Amino acid sequence: MMATPSGGMDVAADGLWEAHYHHDAIATRTLGFWLYMLSDAMIFAGLFAAYGVLSHHYNAAGGPTLHTLVQPLSAYGETLAVFASVLAYGGAMVALKNHSRTGVLFGLGAAFILGAVFLGLELRDFAQLFQAGIYPQDSGYLSAFFALVMTHGLHMVFGLLWMAVLFVQVATQGFTDKTVYRLLNLKLFWHFQAILWVLIFTFVDMRGVL
């Protein structure tokens with residue numbers, strides 16, 4: 001460090017200290033989003049716990065059980081759509097590293113379309129259940145089932161809205177600090193939704209066909 005005329009130490013003049021006081025805005029905001037993700041994980045942990053407790057046939061109150069609700073082919077199609085959407089978003093991240101705006105836009109567009117396919121299949125499943133007279137308020141089991149699956153679906157809706165806004169921002173603004181950290185945070189969010197769907201597919205749909 002350099003000494004000042006008053007006998008103190010001039011920290012600002014010492015280049016070795018600059019790295020310690022420099023903050024990466026993108027990394028800081030990504031850390032904040034990780035904290036949100038942890039809180040979201042706690043919500044889903046509670047939903048999975050409630051579903052595990054209420055999944056016993058006694059809680060069906062004589063109504064539909066898991067074997068009635070699950071549609072294996074539709075669930076398999078939804079799984080493929082989610083995985084393909086995550087893969088497309090991964091391609092957008094590769095294009096981001098290569099500073100290719102066209103590649104990022106293409107990846108975001110493909111991820112959005114495949115995510116919309118997932119939601120379309122899920123909405124069709126819900127519509128068929130409602131047409132059959134199966135509603136969340138019919139039993140404790142159905143309440144837990146619809147709460148878990150619909151909460152995940154709602155997260156997918158917000159993810160698609162976020163993706164659409166980012167598509168416009170990247171197309172008009174390019175790779176600014178704000179668009180980059182939003183792309184990185186959406187990557188975390190989108191991968192998290194895929195992980196949650198794997199858990200739902202395993203503990204709900206797969207159990208329904210066994």
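This is a predicted model: local features need pLDDT of at least 70, side-chain atom pairs count only at pLDDT 80 or more; totals for chains, interfaces and linings use all residues.
Helix α5 gives the most to the lining of the largest cavity, with four residues. Residues are numbered from 1 along each chain as its sequence is written, and side-chain values use heavy atoms, with hydrogens and water left out.

Let us begin with the overall layout. The protein has seven helices and two strands, and from the N terminus on they run β-β-α-α-α-α-α-α-α. Helices (H or I, at least four residues) and strands (E, at least two) are DSSP runs, numbered from the N terminus. Of the 210 residues, 38% count as buried; buried means under 20% relative accessible area, exposed over 50%, and partly exposed in between, with a 1.4 Å probe and protein chains only.

Now back to the inside. A search of the whole structure finds two cavities of 30 Å³ or more. Here a cavity is a set of points, on a 1 Å grid over the protein atoms alone, where a 1.4 Å probe fits but cannot get out, and lining residues have an atom within 4 Å of a point. Grid points are joined across faces, edges and corners, and a volume is the space filled by probe spheres set on the points.

The largest cavity has a volume of about 170 Å³. Its lining is made of 13 residues, of which Leu69, Glu78, Asp125, Phe145 and Asp205 lie nearest its centre. At least two lining residues come from each of α4 (72-97), α5 (101-131), α6 and α7 (177-209). By class, this lining has eight nonpolar, one polar and four charged residues, where Ala, Val, Leu, Ile, Met, Phe, Trp, Tyr, Cys and Pro count as nonpolar, Asp, Glu, Lys and Arg as charged, and the others, Gly among them, as polar.

The second largest cavity has a volume of about 30 Å³. Around it stand Val82, Ser85, Val86, Met156, Trp190, Gln193 and Ala194. Helices α4 and α7 are the elements that give two or more residues to this lining. Five of the lining residues are nonpolar and two are polar, with no charged residues.

Moving to the surface, Leu154, Val157, Phe158 and Leu161 form a nonpolar patch with about 380 Å² of accessible area together. Leucine 161 is found in helix α6 (residues 140-173), and this leucine counts as exposed because its relative accessibility is 52%.

A stop at the loop between α4 and α5 brings us to histidine 99. Its phi is near 60 degrees, a positive value in a residue other than glycine. Histidine 99 is exposed, with a relative accessible area of 66%.

Arginine 101, in helix α5, is partly exposed at 38% relative accessible area. Valine 53, in helix α2 (residues 25-54), is exposed at 60%. The C-alpha atoms of valine 53 and glycine 140 are separated by 9.8 Å, with the two residues 87 apart along the chain.

Methods
Patches are made of residues with over 30% relative accessible area and no salt bridge: like charges are joined within 9 Å, nonpolar side chains (Val, Leu, Ile, Met, Phe, Trp, Tyr) within 5 Å. Accessible areas come from the Shrake-Rupley method with a 1.4 Å probe; for residues, only the protein chains shown count as cover. A salt bridge is a side-chain nitrogen of Lys or Arg within 4 Å of a carboxyl oxygen of Asp or Glu. On a 1 Å grid over the protein atoms alone, a cavity is a set of points where a 1.4 Å probe fits but cannot get out, and a pocket is an open set with protein on both sides within 12 Å along at least five of seven lines; lining residues have an atom within 4 Å of a point.
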